[in-house]
Amino acid sequence: MPGDRGQLEFGDDERSIALKRAWERAMLFLSNKVSRLTFESYIRAIRPLSYKEHEVRLGVPSPFAREWLEKRHASAIRGILESILGASLEVRYVVVASDSVPGWMDDAGADAASCPPAPRKRQPSRPHPDDVPSLPLNEDYTFDTFVVGRSNRLAFTAAQAVSERLGSMYNPLFVYGGSGLGKTHLLHAIGHAVRARDPEALISLVDGESFTHHFVTSLREKKAADFRRHYRSVDIWLVDDIQFIASREGTKEEFFHTFNALYQTGRQIVIASDRSPRELRAMDERLRSRFECGLIADIAPPELETREAILRQRCSKEESAVPDDVIRYIAGAIQSNVRTMEGAITRLVAYSSIMRSPISVEMAHDVLGEFFLDVPIPIRGRKGVQSETVVRTVAECFHLTADDLRGPRRDKHIAEARQIAMYLCRELSDMPYGQIGELLGGRDHTTVQRGIGRVESRLLEDGALRATVQELRGRLER
Ligand code: ADP
Ligand code: MG
């Protein structure tokens with residue numbers, strides 16, 4: 001019952017769901033921030049209980065754990081939750097008997113009422129790994145070759161966590177994002193990591209098309225029983241481009257049963273899609289809500305720094321040298337798709353080799369010009385963006401003045417615009433926090449850091465904000 005000591009107060013109310021999701025994210029950040037021992041001994045056992053007014057209550061298993069967390073990690077935990085939830089918070093630790101709180105993390109990230117617990121079981125008659133239906137894993141798509149930035153950190157960290165703890169961390173993990181942003185790469189990387197840990201693991205990686213094709217063929221050849229036995233025996237099921245399944249009735253039904261069979265026996269499922277579960281309208285509502293029981297991680301278009309890092313990594317494999325200014329030029333011009341950036345490099349390298357002339361910005365401009373570039377010729381690099389211009393442009397966009405952003409007022413929409421200005425100053429010039437604070441009316445280092453953190457976590461969830469920031473960035477980088 002809500003309010004009773006030790007009882008989980010998750011109802012259907014949005015704040016509880018927000019807290020649950022925020023806590024999943026906070027766990028990811030904390031797993032990188034504290035030692036493994038602390039994480040496993042203290043953090044993992046925390047259960048989010050309630051979020052009311054400005055108070056978040058977290059359940060811990062013992063007075064000792066409470067003391068330890070309050071002494072050692074309270075400010076890190078509060079800071080992370082504040083930046084994810086975008087509000088200042090009081091965090092209280094409440095000792096609760098472990099059997100009175102459903103272990104939602106262990107239950108595949110699910111609230112026990114809506115999603116059944118899923119103990120992981122291996123079947124007695126396991127097929128050979130080679131008999132498991134799967135597309136081959138692409139050798140180039142590993143965690144090592146994946147460049148991590150703000151836009152993809154959540155998905156990357158979740159993918160790693162899942163590959164280390166099959167079925168018990170986030171199940172299912174649902175990754176979504178636009179085309180060419182690394183979803184397929186991450187799915188393959190999970191497959192490699194699982195195989196490296198356990199060569200006997202039964203890994204199935206399919207995409208919407210191959211699953212459909214396989215299913216239809218099995219019906220035609222009257223091998224539906226084998227089809228089911230093979231799919232339902234896997235330890236991890238990686239399903240890419242699920243949107244292709246969503247539009248086909250028979251396959252959708254089969255997918256549903258396979259999903260349930262695996263989910264109920266605690267096998268790990270990872271799904272990638274070009275849209276969020278809510279937007280997969282052709283999917284059964286029951287299945288969509290199952291997807292939402294796990295962790296949903298979106299991948300946004302990479303920020304400039306990450307685009308440059310991806311290009312640098314890509315160019316290091318080429319024989320011809322690609323100068324840094326060319327990398328900056330391409331990263332500045334192609335903003336929304338990594339695949340297109342890679343295509344640009346391939347084309348440029350081929351051209352330079354045929355013409356026997358070295359790669360330069362002029363060559364990139366001539367060869368790629370109309371063909372590839374989202375934005376025409378932003379040859380000015382990141383250092384060229386004036387921070388004063390950032391402040392003015394952001395103010396204009398929010399119908400404010402630069403003085404509003406520099407001034408003391410803390411009304412919500414002014415504070416948010418100010419934080420966006422901080423974020424863009426940081427993204428587009430290499431200014432340190434303190435200097436950004438100076439520029440924005442003498443705010444201190446921590447305020448700036450926190451403000452940027454808030455924008456970053458809002459960007460993960462808020463498509464409209466992403467579009468605004470993208471648009472501002474486009475204007476400023478031009
Ligand atoms: P999606 O499945 O989202 O359409 P892919 O995973 O096929 O995108 O990625 C397209 C290309 O971009 C691949 O060659 C992939 O290796 C590369 N790529 C995407 N994101 C990254 C990244 N963060 N680091 C390195 N390479 C990336
Ligand atoms: Mg893909």
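**A guided reading of the predicted model**

The buried residues of helix α9 are Thr-251, Lys-252, Glu-254, Phe-255, Phe-256, Thr-258, Phe-259, Asn-260, Leu-262 and Tyr-263, where buried means under 20% relative accessible area, exposed over 50% and partly exposed in between, with a 1.4 Å probe and protein chains only. This is a predicted model, in which local features need pLDDT of at least 70 and side-chain atom pairs count only at pLDDT 80 or more, while totals for chains, interfaces and linings use all residues. Residues are numbered from 1 along each chain as its sequence is written, chains are lettered from A and ligands numbered from 1 in the order in which they are written, and side-chain values use heavy atoms, with hydrogens and water left out.

Helix α9 covers residues 249-264; helices (H or I, at least four residues) and strands (E, at least two) are DSSP runs numbered from the N terminus. Its 16 residues reach 23 Å from the first C-alpha to the last, close to the 22 Å expected at 1.5 Å a residue, the expected span being 1.5 Å times one less than the number of residues. After α9 comes Gly-266, with a positive phi near 75°.

One aromatic cluster is formed by Phe-174, Tyr-176, Phe-211, Phe-215, Phe-227, Tyr-231, Trp-237, Phe-255, Phe-259, Tyr-263 and Phe-291. Rings of Phe, Tyr and Trp (its six-membered ring) pair if their centres lie within 6.5 Å; planes under 30 degrees apart count as stacked, over 60 as edge-to-face and the rest as tilted. The count by this rule is 17 aromatic pairs. The ring centres of Phe-211 and Tyr-231 are 5.2 Å apart and their planes stand at 75°, so this pair is edge-to-face. Because Phe-211 lies in helix α6 (residues 208-220) and Tyr-231 in helix α7 (residues 224-231), the pair ties together parts that are 20 residues apart in sequence. Phe-211 is buried, at 0% relative accessibility, and Tyr-231 is buried at 1%.

Arg-72 lies over Trp-68, at 4.6 Å from the ring centre, and Arg-426 over Tyr-433, at 4.4 Å.

The strands β1, β2 and β3 form an open sheet in the order β1-β2-β3, with mixed pairing; two strands pair if DSSP finds at least two bridges between them. At the edges are β1 (47-52) and β3, each pairing on one side only. From one strand to the next the twist averages 25°, with axes being lines fitted to C-alpha atoms, for helices over the stretch in contact, and angles running from 0 to 180 degrees between N-to-C directions. Five antiparallel bridges join β1 to β2 (residues 55-60), and Ser-50 stands opposite Arg-57 in β2. Helix α1 (residues 14-33) packs on the sheet, touching β1 and β2, with its direction at about 140° to that of β1. Helix α3 (residues 63-85) lies across β1, β2 and β3 and runs at about 145° to β3.

Several loops complete the tour. Thr-142, between β3 (90-95) and α4 (153-164), is buried at 18% relative accessibility. Neighbours within four places in sequence aside, Thr-142 is in contact (heavy atoms within 4.5 Å) with His-185, Ala-189 and His-192. The peptide bond from Asn-171 to Pro-172 is cis, with omega near -5°. His-399, in the loop between α15 (387-397) and α16 (402-406), has a positive phi near 55° and is exposed at 74% relative accessibility.

Conventions. A charge sits over a ring if NZ of Lys or CZ of Arg is within 6 Å of the ring centre and within 35 degrees of the ring normal.
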